[in-house]
Amino acid sequence: MVFYKNKTASLVILSLLLSACGGGGGGDSSAGGGSDGGGGSDSGSGSGSDSGTQTSNYTQIAFDLRNASTLVTTEKAFSQSQLRAELSSGGNKYESLPSVQFHEFVGATDKQTHSTGSGSTNLFSLGADGALSPVVTSDFDANFSFTVKSPDGKHVYAALDWSNYYTSSSLVREENCAIFKITIADNSVSCLVEGLFAEAPWGTWWKEVNDGRYKPIQFDSQNNVYFLSRGFTVTTLNPGTDIEFKSIDYSLLGNSTLVRVDSETGKVVSMTSDADRVNSFVVTAADALVYRTDTLNMIPNVMATSLSTVTLTEGTYWTDGYYATDDNGTVIYRDNLTANDDISIARASDDFEGGIEKRTIKSYRPDSLSWSNRVIVGDDGYIYSMYATYEDDSEGDFSRYEKMQRILPYAAGEVLAVKIPDLGYWKTPLHVSKGNAYYVEEQTHPAYGQYDIVGVQPLSGESATLLFGDALSDVRLDIETWKLSGDTIYFTGLNNAKSTMVSGTIDVKALAEGRPQSEYLVLGDTASVSEDVLEIRDLELLVSEEDRVNVGAPEITHHIQPQEEVYASTIEFNHWMDIDSVSANMSVTERDQFGGYVEDVDVMPIWLGKVVHLIYDTASGSGSSSNQPLKFGTDYQISFGGDGRNLEGVPLSVSQSDSERTFDWSTRIEKGLTIVDAEADNYGFTTGKAINVFGTNVKIPLIDREREFDHKLSLVSALNENWELAFHTTSSEWKGYIKYDYLAITGSLHILKHSDNISDDRDWLFEDPKVIGSVVKMDAELVENNGKIVFSLKITDEAGDTYDVSREIDHLDEDYSLTYTFDDNGFGAEYRSILDNILLTNSDGTTTYIDENFDNYELGSGDYIGGIGVVELVDD
């Protein structure tokens with residue numbers, strides 16, 4: 001997976017002398033060019049042309065991928081011959097690093113070619129030891145947009161930059177090619193298809209499919225190649241003579257066309273028309289094609305003789321969204337304007353040729369006023385969603401935060417919150433691997449200025465590890481691009497502390513296992529730099545991907561069924577499984593109160609590694625146009641037959657009995673209060689039993705109309721909802737209360753003092769401590785001090801951090817009460833609130849437990865918890 005730095009320009013200051021090598025003069029012309037001679041993909045009058053002469057001793061472009069482990073494409077150019085000279089004279093790279101001179105592409109002139117490699121290009125390789133090497137052997141300038149390794153690992157496709165087509169025009173004229181296919185084993189080169197550029201999609205590409213798995217060239221199961229194409233035509237006059245003349249006509253207007261090219265024959269098939277502006281696309285593992293125009297669309301089978309297109313979303317003004325795919329051709333997607341943040345799942349239909357089947361699940365975000373900006377697939381097989389909010393940070397600045405929630409299997413609350421610069425609006429470099437979330441965050445030091453850290457946040461809620469955040473005099477990185485392959489993150493950038501280009505690796509498995517930094521982090525210099533500006537455009541790994549090797553016998557290790565979840569179940573295996581055999585031997589059924597069979601439940605699976613999420617539909621066959629979740633308060637059973645096999649063909653029956661492959665559970669009530677098991681691992685502070693609240697408002701008068709002060713209160717509550725702990729007073733002059741509330745607007749705890757009299761100058765006070773986790777413990781104390789009522793509160797979050805706040809009001813010699821209120825805000829509130837371990841202590845130390853774990857508690861009716869209404873203090 002490729003991560004792109006979260007800056008609009010991602011510019012790195014390089015310490016190299018600005019070179020005049022390569023590039024040459026402006027010997028070509030192009031319609032639609034700007035003042036610098038360049039042309040954009042939507043500029044011009046509909047066509048452009050350039051021409052030039054060429055001598056007969058032309059030698060085909062060549063690539064040298066020997067010992068290359070990583071290909072890096074830069075925004076600016078460097079001279080191949082200059083780099084070769086640096087390397088040949090520099091000796092060992094650790095003794096003398098090559099000094100690379102970067103410069104602007106200015107358009108290629110016609111050159112006398114002798115295969116010396118003196119042209120300017122922006123493609124070079126990094127060896128396994130970090131050594132920088134030239135890749136292209138050509139006297140023609142070659143401006144590449146990106147490179148992509150084929151799924152079988154045998155080839156690399158290198159695409160010239162369409163948006164600056166004039167910079168490679170001499171090369172294009174001679175080759176009639178803009179997409180080169182290089183065989184890694186022997187460096188042989190061929191043209192994928194003549195007359196077509198592969199256009200890098202618009203900026204929304206990285207917004208919509210930003211998990212790094214999808215690049216602008218993709219492949220189906222037959223290694224056919226898919227890309228957004230732009231056409232050109234090379235015309236030759238006086239061929240084979242000394243005055244041979246070639247010119248290129250470019251098509252500048254209109255939209256690019258999404259095409260499929262047979263990698264062996266070069267046959268081109270248009271998948272879309274030029275009437276559609278395609279912003280992004282994904283070829284799934286089951287040979288379906290998903291692409292976004294004004295709507296999100298799906299071609300269920302790209303191998304079909306007649307291509308059928310199905311629209312997945314409605315087209316409305318400024319609608320865009322985010323989507324990802326699983327290992328079996330299922331697409332998970334969400335649109336910005338989808339009500340209640342519903343997440344949709346679709347795949348090719350087994351029953352209707354050229355059609356799809358679709359599911360929708362609810363995913364309530366933890367912050368009611370935030371907006372979704374991505375669906376993330378983790379290598380743990382779980383699915384996450386990112387949300388954007390604006391909040392005051394620790395320095396008091398109004399900053400943009402990215403917050404992550406787990407949606408399959410569902411978990412309430414935030415997994416993490418990361419502050420990012422506004423400039424990186426849609427390019428948050430975040431990925432989930434081996435139980436950690438990895439992200440790049442910009443820091444500022446008063447002496448050293450801006451630099452990047454790599455944050456490693458355990459999803460278990462433990463403290464984050466920050467890489468490159470200390471020893472700034474030696475390592476001060478500006479990280480450009482990084483990519484995950486197997487258990488390793490590869491990255492490149494600039495070390496401003498030494499003016500060197502660097503490359504490095506992070507072993508995510510070793511880091512997750514708690515090994516020392518020396519065992520999981522490698523950082524090495526690749527070239528000395530200075531004084532110029534470099535942006536890394538693309539990175540591609542040539543190393544082998546992780547092999548899927550199973551050891552031992554296959555087993556089902558977990559059935560994950562959050563009580564809130566009525567849309568899905570999650571099953572984890574210890575092996576990579578054969579999807580077809582497991583699916584054919586799996587059933588989900590509704591059961592009666594005696595465990596007997598009632599009816600089958602229709603299931604759509606999402607396969608991610610060793611995990612399968614089962615998405616349910618109880619409306620199947622009922623004529624309903626939308627799927628329905630499981631019924632509330634109903635018993636269900638999942639059963640996996642023993643003939644389900646792993647990739648090696650070993651059946652589940654070898655290691656597990658029928659009962660070990662069968663899972664029974666009951667769904668939650670639809671609305672109201674219920675007593676549930678509340679183990680410490682789930683809620684952080686509570687054990688035994690707790691009250692769960694689903695889809696309703698609850699008000700609990702904990703102390704009602706008391707006149708005696710000096711009370712202490714302790715309770716546990718959820719942090720994924722809107723709740724309020726309020727101290728009320730009454731007076732003929734004014735009514736007021738002190739309110740401690742958790743508002744889902746920001747995911748932070750708001751502390752306010754409020755009066756119903758809006759003209760009162762004591763009206764609003766505000767604090768905003770940050771809390772971690774999904775529950776908090778609250779310890780409140782009411783005392784009288786010098787004629788004033790003091791209400792103090794200590795809040796403890798799941799990380800063990802505490803926050804102390806207190807407020808006081810004039811003693812009005814009136815009754816007061818203390819109330820806990822939970823309001824359904826229409827988002828996470830439908831799922832759950834939790835209340836537990838209520839304990840009141842009076843001034844002389846005697847206590848009243850309201851059944852600490854609710855083990856024998858009888859629930860009342862309506863919006864109140866029966867029995868608590870008025871709390872009476874009694875001796876132990």
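How many bridges join β12 to strand β13, and do the two run parallel or antiparallel? Three bridges join them, and the strands run antiparallel. The close-ups below start from this pair. You are looking at a predicted model, in which local features need pLDDT of at least 70, side-chain atom pairs count only at pLDDT 80 or more, and totals for chains, interfaces and linings use all residues. Residues are numbered from 1 along each chain as its sequence is written, and side-chain values use heavy atoms, with hydrogens and water left out.

View 1. Strands are DSSP runs of E with at least two residues, helices are runs of H or I with at least four, and both are numbered from the N terminus. Two strands pair if DSSP finds at least two bridges between them. Strand β11 (residues 155-160) is joined to β12 by five bridges, and these two run antiparallel. Look for A159, whose bridge partner in β12 is I179. Buried means under 20% relative accessible area, exposed over 50%, and partly exposed in between (1.4 Å probe, protein chains only).

**View 2. The hairpin of β12 and β13.** Strand β13 covers residues 189-191. Together, β12 and β13 form a hairpin with five residues between them. In the turn you can find N187, which has a positive phi of about 65 degrees. F180 has C191 of β13 as its bridge partner.

**View 3. The disulfide of C177 and C191.** The structure holds one disulfide, a pair of cysteine sulfur atoms within 2.5 Å. C177 and C191 form it, with their sulfur atoms 2.2 Å apart. This pair links distant parts of the chain, 14 residues apart: C177 sits in the loop between α2 (169-175) and β12, while C191 belongs to strand β13. The link is right-handed, with 100 degrees about the S-S bond. C177 is buried at a relative accessible area of 0%, whereas C191 is partly exposed at 29%.

**View 4. E441 and its surroundings.** E441 lies in strand β33 (residues 436-445). With a relative accessible area of 13%, E441 is buried. Its side chain makes a polar contact with the side chain of Q443 (3.3 Å). A polar contact is a pair of N or O atoms within 3.5 Å; within protein, one must be able to donate a hydrogen and the other to accept it, and residues adjacent in sequence count only if both atoms are side-chain atoms. Leaving aside neighbours within four places in sequence, E441 is in contact (heavy atoms within 4.5 Å) with V418, K419, Y451, D452 and I453.
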